[in-house]
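Please keep the sequence and the model in view while reading.

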Amino acid sequence: MTSTHRPSDGVVTSGVGLFADALDAQAVGVNRVDWRPPMEGTEDDLVTVATDPLRLDANRRAVDAMTSTQAMVVDVAPASQLLGLERGQFLHAGPPLKWENASGPMRGALQGAAALEGLVDDPEDAVALFESGDSVSLEPCHHHSAVGPMAGVVSPSMWMWVLEDQTDGRRTYCTLNEGLGKVLRYGAYSPEVLQRLRWMSDVLGPLLGQAVRATGPIDATGILTQMLQMGDEAHNRNRAGTLMLLRDIAPALAQSGADAKDIAEVFSFVGGNDHFFLNIAMPACKLALDAARGIEGSTMVVAMARNGTEFGIQTAGTGDQWFTGPAQVAEGLYLGDYGPDDANPDIGDSAITETAGIGGFAMATAPAIVRFVGGSVPDALATSRRMREITIGENPRWSIPVLDFMGTPTGIDVSRVCRTGILPQINTGMAGRVAGVGQVGAGLVTPPANIFPAALSALAERTRARR
Amino acid sequence: MTTTGFEHVELRRGAYADSVALLQVSKDVAAVDGVTAAQVAMATDLNRDVIAQMGFTLPESTPNDMIVAVRLDDEGTLPAALEAVDAALARASRRSDDGASSEIEPPRTTLSAFDRTDAGLALVSVPGASAAVEAADALDAGRDVMIFSDNVPVEHEIALKQLATERGLLVMGPDCGTAVIDGIGLGFANAVRPGPVGIVAASGTGCQQLLCLLDHAGVGVSAALGVGGRDLSEAVSALSTREAMRRLDEDASTELIVVVSKPPAAKVAEELREYAATLTTPVQFALLGSGQPDLTTTAEAVLETLGRPVPEWPHQGETAQVEGGRLRGLFVGGTLCDEAMLIAADAVGDVYSNIPLEPRLELGADRRADGTVMIDFGDDGMTAGRAHPMIDPTLRLEDLARTARDGDASVVLMDVVLGHGAEDDPAGSLAPAISSAVETAKAGGRELAVVVACVGTQDDPQQTDRQAEALAAAGAEVFLSNAQATRRALSLIGAAR
């Protein structure tokens, strides 16, 4: 029969095993699908979306837009200047949130930021300020082209990385990483936390800005390509990326003419913080994913973000709508004698890395991380392969050597999540439940399952409306 | 945070494990009976702070030292705790020996399977509500798809076929039982030789009958493409039939296209004839219905068109002679049941059935009537929660035994459909059941005649001759042609025209 593809090249079977057996008996190659029923109640919406004439091309365009984005680090400057944030304006991680629903670490970070901005002298006094809501406002980072790890709190005086797509001038932003332990993003607000933040605004930010401008645009996407080959998955492990960044800006820092003691402090602060590059990886991922927004008919996830109370996703085909459900507590290992009761539900915009196909999705390239849940190297390999079951494609630039240079699984497909029940795997840090505690552990977490059928339903609704 | 009990802190100089491994070690040690807190960590400033906060007093150290800090219920637990530390550290440095978990998990969707292989076609038999989703995956991969699943909503079918039409792809089904492509049998299909006839079929067992008759006449097929029973309805408007005809027209080895279907909606029939006129390959329509030729006549017409001789259609065995009485047909093939009813209706008038020609002839739950009865055991209503009777013959065998016992009928007409996907040896259970039925009737002072249409080819896994011989030996009269078998059964009750 006239067709480019023929059953003699093999047949993919789903369902009754008998027919696959009959093909086996005819010496035809059979590839059996391990089919299982989809998430409850999604059958009709899945068919509507599957037969949407726009979907195939829309998803291809979404993945192409994302994987062809080159994110360049072009500047470091204060949020007031970059985002126009004014006194009393605060950004936070995740979907929209009101103070009364905010978790301990989110409150702690906001209290610390209020003190940093001089709205209150003592962070404890900020509780009344946020409760009253007078002269303060809370908005998601994502609504301002920004992302923030953990609590993700941004206030006007904080300095931020600026990443730019130089083909169209789009930009994304993220604050500078404070390091581990007692830090604002984990909800800590003790004097040492605020003191470090002040040093970052007074010394670190200005020096980095000067160095970046002197060095010229730094290819963040290119560094990500390399670090994935060096054992980093760019969410919980950013060691190689941090050192590559330092290598790139070191000459300009050395020639900055700044006080040698300040330069040395910058070197040791950046070099001593294995997560420093995370705050570049995240806006680089957002810049790429934002290129895929607003594509009618696309079922691709363009943001996964948590505010410590809720987990939210946005898709390419549903505009700025958030689909949210309760944030889960990560499974993993605890610092000191902290335990599961001490951990806050999942928090942070850093799941933008998984949304872009790295982090938990690139687990295979960073086997060290799998031990966060007491797993093994084969688990890490299996995880990356399993994530490919729910993604539209692979990233040709970001590859995993140990999986024979398979591209990272790219473009989470709402449909495929609903069909397989496989939830995106996210590598994450765990914040203490109580404001002011800081980090209590690290581990693995998934989104609440129900947000995917909700997003699917909205996509199906739009498909029906177009018919 | 408790600070009572016994505390032990030691430095292991030069020992190293990465921080993640040490988190696991700490967790393992803390789980030991009698250990109330444990921390094993490299002595960085941060870790020293954490351990100090837990209430331990630390000696001077460098970041290259490993700290082991445990708090115990009492001193006696110390050896066990330290042993646990060593064991956990040993585990942390050991490679996993669980080779099995590194095996690649099977694909969970049809699209994922196509991402992994160059397979040329998808065969979908998942529950009807999900079939269109798997089928759409095949279309996304640029492949044709056969959908065996039934209970697929017609809206799904239309949307899927419209998508396939845009992309020049073929959707066979839903509810498509049979296809042969490149000589490969898909679903329930007979092993046939390559040849000049291209079949487009909206009926699975109708297609199988045609394949087997042509095969017996020495004529093979280029392909048999199923399209699903609803394709020629006005709603679906023959989208797959047209694509299948187009494919066969482009195929150099196809000399004649045969379209097998129940009579389509008038508008669809007209459009199809217009379309057929645009093709370079001649098209013969074989429409199954009242006043239309039966499948055997169609096969003969095909042979005549090709200029090939029409053979004697084989039959063997002798049945008991009966006088009068009723005819009861027990079928596994829907189209074969339909064909038998159409032929019988001309001879005896009313035929009662679970798939009746007219609604008033619908059988009740006991499947009995005072007259000619034909039952399709493969109908949806009789397969809910069970395998198809071509795979599981239980219900039909029960009916045969009951008919023999009750003397409900003097002639039983049955089909046996062979080929890929069907039972390994249908005669293995049916032949003894026939012998036993004939004996039972005799014991009751009656005669029971059994006529069988055995639809198969010699190359089928079950070998049609072997099956027919076994059935004939059991006392049945066996035909290849379902129409001939039906006429023989009617003549036995004295109703043949």
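In which sense do β4(B) and strand β5 (residues 144–147) of chain B pair, and over how many bridges? In this predicted model, β4(B) and β5(B) pair in the parallel sense over four bridges. Within this pairing, Met146(B) of β5(B) is the bridge partner of Leu123(B).

Leu123(B) also leads across to the other chain, for in β4(B) it is the bridge partner of Thr13(A). The strands concerned are β1 (residues 11–15) of chain A and β4 (residues 121–125) of chain B, which pair in the parallel sense over five bridges. In general terms, strands of a sheet pair through backbone hydrogen bonds, either parallel or antiparallel.

On the side of chain B, 70 residues are in contact with 59 residues of chain A. Helix α5 (residues 128–140) of chain B gives the most to that side, with seven residues. By class, the side of chain B that touches chain A comprises 33 nonpolar, 21 polar and 16 charged residues.

Ala179(B) lies in strand β7 (residues 178–181) of chain B. Is Ala179(B) buried or exposed? Ala179(B) is buried, because 30 other C-beta atoms lie within 10 Å, and the threshold for that class is 20 or more. The C-alpha atom of Leu279(B), 100 residues away along the chain, is separated from that of Ala179(B) by 22 Å.

In chain A, strand β4 (residues 89–92) is covered on both faces. Gln89(A) and Leu91(A) on one side, and Phe90(A) and His92(A) on the other, are all buried. This strand pairs with strand β5 (residues 137–140) of chain A in the parallel sense over four bridges, and Phe90(A) stands opposite Leu138(A).

The helices of chain A remain to be considered. Helix α7 (residues 191–215) of chain A packs on α9(A) at an angle of about 105 degrees, with the axes 8 Å apart. The two helices are therefore roughly perpendicular. Leu207(A) and Ala211(A) are among the residues that α7(A) brings to this contact, and Asp248(A) and Ile249(A) among those from α9(A). The residues of this contact divide into seven nonpolar, one polar and one charged.

Helix α8 (residues 220–227) of chain A also packs against helix α9 (residues 239–254) of chain A: their axes come within 9 Å and cross at roughly 135 degrees. This angle is why α8(A) is described as oblique to α9(A). The crossing is right-handed. Ile223(A), Leu224(A), Gln226(A) and Met227(A) of α8(A) meet Ala240(A), Gly241(A), Met244(A) and Leu245(A) of α9(A). Six of the residues in this contact are nonpolar, two are polar and none is charged.

Conventions:
Residues numbered from 1 in each chain as written. Chains lettered and ligands numbered in written order. Predicted model: local features only at pLDDT ≥ 70, side-chain atom pairs only at ≥ 80, totals over all residues. Axes fitted to C-alpha atoms, helices over the stretch in contact; angles between N-to-C directions. Parallel < 35°, antiparallel > 145°, perpendicular 65-115°, else oblique. Left-handed = near helix turned anticlockwise from the far one by under 90°. Contact = placed C-beta atoms within 7 Å. Nonpolar A, V, L, I, M, F, W, Y, C, P; charged D, E, K, R; others polar. Pairing = 2+ DSSP bridges. Buried ≥ 20, exposed ≤ 12 C-beta atoms within 10 Å, placed from the backbone.
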